[in-house]
Amino acid sequence: MKFALFASAAILAIGLAACGGGEPAKPAEPAPVAEVTPTPTPEPVVAPASTMGETPADIPAFMKARHEKYEDLGKTFKVVLDNFKSATPDMTAVTAAAAKVKGYADEMGTWFPPGTAAEPGKPGAKPNIWTDRATFDAGIAKLQVEATKLAAVTDAAGLKAQFPATGGACKNCHDTFREEHKDK
Ligand code: HEC
């Protein structure tokens, strides 16, 4: 029995030597202590990147509908803003509004098929959305992440902490990809 153990150890040593490219087998070292890596905070699940899709048959109608969705997104986010400013925020309203913002963010990737850019310099969707889609998609993902966190907030302190990051996600995209309507 002793011999059998020895023999298999020798075979193992030969096997290791072969793997190591012919170097003599070294005595086994104690297994290194596994490094403790801190568990990262799980990122909220985000929807897939945007789809270009087909050029819509009625481009002006498509662009009008898209603009209306953004206007509603603005109204929805205003609910959060008003509560952010309030000393006694209505957290039920905040949660509902934040969830709606997240829903808009989830579908935003489908709102920019080819042919639906505003004319250069005119208010609306800037042409660089179609030439720098990766950055645009990252802007959408940022809003998805921040709106998800906002929807999970349960009290005034949480709202105070999470509001700026969410508003920042709107501004982040607007600064690069939106020509603002100056008439309001
Ligand atoms: C990934 C990019 C992106 C993100 C994120 C984004 N927007 Fe926009 N937004 C746009 C673009 C592009 C337009 C112009 C589209 C159009 O009018 O057809 C726009 C238009 C708007 C408009 C219409 C008014 C105007 O001047 O055009 C409002 C209101 C608005 N966004 C609010 C928001 C709010 C609030 C958020 C965050 C909760 C947000 N947006 C996040 C890209 C974005």
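The shell around the ligand draws at least two residues from each of α2 (59-85), α3 (91-108), β1 (124-125), α4 (133-151) and α5. Helices (H or I, at least four residues) and strands (E, at least two) are DSSP runs, numbered from the N terminus. The model is predicted: local features need pLDDT of at least 70 and side-chain atom pairs count only at pLDDT 80 or more, whereas totals for chains, interfaces and linings use all residues. Residues are numbered from 1 along each chain as its sequence is written, and side-chain values use heavy atoms, with hydrogens and water left out.

In total, 26 residues surround the ligand, a residue being counted if one of its heavy atoms lies within 4 Å of the molecule. The closest are His67, Cys170, Cys173, His174 and His181. The largest share of the shell, 7 residues, is supplied by α2. By residue class, the shell holds 15 nonpolar, 6 polar and 5 charged residues; Ala, Val, Leu, Ile, Met, Phe, Trp, Tyr, Cys and Pro count as nonpolar, Asp, Glu, Lys and Arg as charged, and the others, Gly among them, as polar.

The iron atom of the ligand has a single protein donor, NE2 of His174, at 2.0 Å. Donors are N, O and S atoms within 2.8 Å of the metal (3.2 Å for Na, K and Ca); water is not among the atoms, so sites may look incomplete. His174 belongs to helix α5 (residues 156-177). An N or O atom in the side chain of His174 also lies 2.8 Å from a nitrogen atom of the ligand.

For His181 the distance from a polar side-chain atom to a ligand oxygen is 2.9 Å, and for Arg178 the corresponding distance is 3.4 Å.

Buried means under 20% relative accessible area, exposed over 50%, and partly exposed in between (1.4 Å probe, protein chains only). The C-alpha atom of Lys160 is 8.8 Å from that of Lys85, although these residues are 75 residues apart along the chain. Thr116 is placed in the loop between α3 and β1 and is buried, at 0% relative accessibility. A polar side-chain atom of Thr116 lies 2.8 Å from the backbone oxygen of Pro113.

Notes
A polar contact is a pair of N or O atoms within 3.5 Å; within protein, one must be able to donate a hydrogen and the other to accept it, and residues adjacent in sequence count only if both atoms are side-chain atoms.
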